[in-house]
Amino acid sequence: LLLVGCQTPPPDLVGNWSGKVGPFKSSFTLKADGNGIFCYSGRKKNKTEWIKYSSGIIYTERDTEIVIESLTGDVLEVDVDNFGSKKYTFYRDKHLKKASWFCWKKLK
């Protein structure tokens with residue numbers, strides 16, 4: 001994460017998003033400067049990680065790459081490399097209503 005320079009994300013990508021990544025209920029918030037926080041809950045774990053956006057990829061502090069496949073309206077399709085490169089869907093979640101309780105508290 002420290003080696004990746006931050007870039008301004010597309011305006012449509014800025015904001016709050018929620019979805020599932022593997023067994024984890026996941027949410028993230030991305031700011032207009034390309035920085036943000038990724039949060040997930042599940043399997044008795046609650047974690048947050050700093051994220052940075054650069055060239056169509058969101059990098060987490062634990063070196064996970066979340067590749068933006070497509071963004072159509074309020075639906076974000078991503079490819080995540082830490083589970084053997086699988087596709088996941090996130091949905092725009094302005095008020096974090098789809099977030100776990102832990103992530104809602106961390107991201108609001």
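Strands S2 and S3 (residues 35-42) pair in the antiparallel sense, and six bridges join them. The model described here is predicted. Its strands S1 to S8 form a closed barrel of eight strands, in the order S1-S2-S3-S4-S5-S6-S7-S8, with antiparallel pairing. On average, neighbouring strands of this sheet are turned by 30° against each other, direction ignored. A search of the whole structure also finds four salt bridges.

**Strand S2 and its partners**

- On one side, S2 (residues 24-30) runs antiparallel to S1 (residues 15-21), and seven bridges join the two strands.
- Within this pairing, Gly19 stands opposite Ser26 in S2, and Ser18 has Ser27 in S2 as its bridge partner.
- Ser26 also stands opposite Tyr40 in S3.
- Strand S2 is mostly covered, since six of its seven residues are buried.

**Hairpins**

- The hairpin of S1 and S2 has two residues between the strands, and Gly22 takes a positive phi near 60° there.
- Four residues lie between the strands in the hairpin of S2 and S3, where Gly34 takes a positive phi near 95°.

**Salt bridge between Arg62 and Glu49**

- The side chains of Arg62 and Glu49 meet in a salt bridge, with an N to O distance of 3.0 Å.
- This pair links distant parts of the chain, as Arg62 lies in the loop between S5 (57-60) and S6 (65-72), whereas Glu49 belongs to S4 (residues 45-54). The two residues are 13 residues apart.
- Arg62 has a relative accessible area of 44%, so it counts as partly exposed.
- Glu49 counts as buried because its relative accessibility is 5%, and the cut-off for buried is under 20%.

**Salt bridge between Asp74 and Arg92**

- A further salt bridge joins the side chains of Asp74 and Arg92, at 2.9 Å from N to O.
- Asp74 is partly exposed, with a relative accessible area of 45%.
- Arg92 is partly exposed, with a relative accessible area of 25%.

**Network around Lys87**

- Lys87 and Asp79 meet through their side chains in a salt bridge of 3.3 Å, N to O.
- Lys87 and Asp79 also belong to a network of salt bridges that includes Glu69.
- Lys87 has a relative accessible area of 57%, which means that the residue is exposed, the cut-off being over 50%.
- Asp79 is buried, because its relative accessible area of 12% is under 20%.

Technical notes
Residues numbered from 1 in each chain as written. Predicted model: local features only at pLDDT ≥ 70, side-chain atom pairs only at ≥ 80, totals over all residues. Heavy atoms only, no water. Pairing = 2+ DSSP bridges. Axes fitted to C-alpha atoms, helices over the stretch in contact; angles between N-to-C directions. Buried < 20%, exposed > 50% of the residue type's maximum accessible area, 1.4 Å probe, protein only.
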